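Take a look at the structure below.

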Amino acid sequence: MKSLPYFCRGEVIRGFGRGSKELGIPTANFPDSVVEHLPADICTGIYYGWASVGGGDVHKMVMSIGWNPYYKNTKKSMETHIIHTFKEDFYGEILSVVMVGYIRPERSFDSLDALITAIHGDIEEAKRRLDLPEDRKLQEDNFFRTFPKQIMNGH
């Protein structure tokens with residue numbers, strides 16, 4: 001995908017309410033304005049990269065882009081799981097992410113347990129790839145150091 005790495009920033013909004021409750025894997029959701037501006041070559045699927053909330057520390061992340069076939073969503077979403085434990089919710093904060101690479105296409109699952117197992121596998125794959133020098137360097141990108149209030153999408 002020629003658009004990777006892809007940098008984007010937006011306000012964290014309430015999602016479907018499944019990440020923490022049903023899956024035990026909390027996610028931060030971008031508003032439609034961010035989702036709608038994705039480049040055409042960013043297909044649906046699972047991505048990995050780096051994320052920062054409110055201009056704070058930069059953490060590893062895994063992101064689902066698409067319609068979440070298991071749940072049969074009718075609305076495309078970008079759901080980011082930051083691989084870090086936060087003490088409280090951060091709705092309304094600005095989430096900055098760089099999507100570094102692609103893990104797999106989105107797909108449906110036969111059970112909730114199978115979905116959870118796949119997500120945990122995606123998290124482990126993201127951790128592994130982000131430890132590689134070529135992907136780790138983006139953790140220090142100036143994108144995370146300059147924290148403008150305006151929303152941006154791009155390279």
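A residue is called buried when its relative accessible area is under 20%. The model is a predicted one, and this cut-off can be applied to strand 5, residues 77–82. Of its 6 residues, 6 are buried.

In a regular strand the side chains alternate between the two faces of the sheet. Strand 5 can be read in this way, one side at a time. On one side are S77, E79 and H81, and on the other are M78, T80 and I82. All of these residues are buried, so both faces of strand 5 are covered.

Which strands pair with strand 5? Strand 2, made up of residues 28–29, pairs with strand 5 over 2 bridges in the antiparallel sense. Here A28 has T80 as its bridge partner.

With a relative accessible area of 4%, S3 is buried. Its side chain makes a polar contact of 2.4 Å with the side chain of D41.

Two cysteines can be considered next. C8 has 0% relative accessibility and therefore counts as buried. C43, in contrast, is partly exposed, at 31%. A disulfide is a covalent bond between the sulfur atoms of two cysteines. With a cut-off of 2.5 Å between cysteine sulfur atoms, the count of disulfides in the model is 0.

Technical notes
Residues numbered from 1 in each chain as written. Predicted model: local features only at pLDDT ≥ 70, side-chain atom pairs only at ≥ 80, totals over all residues. Heavy atoms only, no water. Buried < 20%, exposed > 50% of the residue type's maximum accessible area, 1.4 Å probe, protein only. Helix = DSSP H or I, 4+ residues; strand = E, 2+ residues; numbered from the N terminus. Pairing = 2+ DSSP bridges. Polar contact = N/O pair within 3.5 Å; in protein donor to acceptor, adjacent residues only side chain to side chain.
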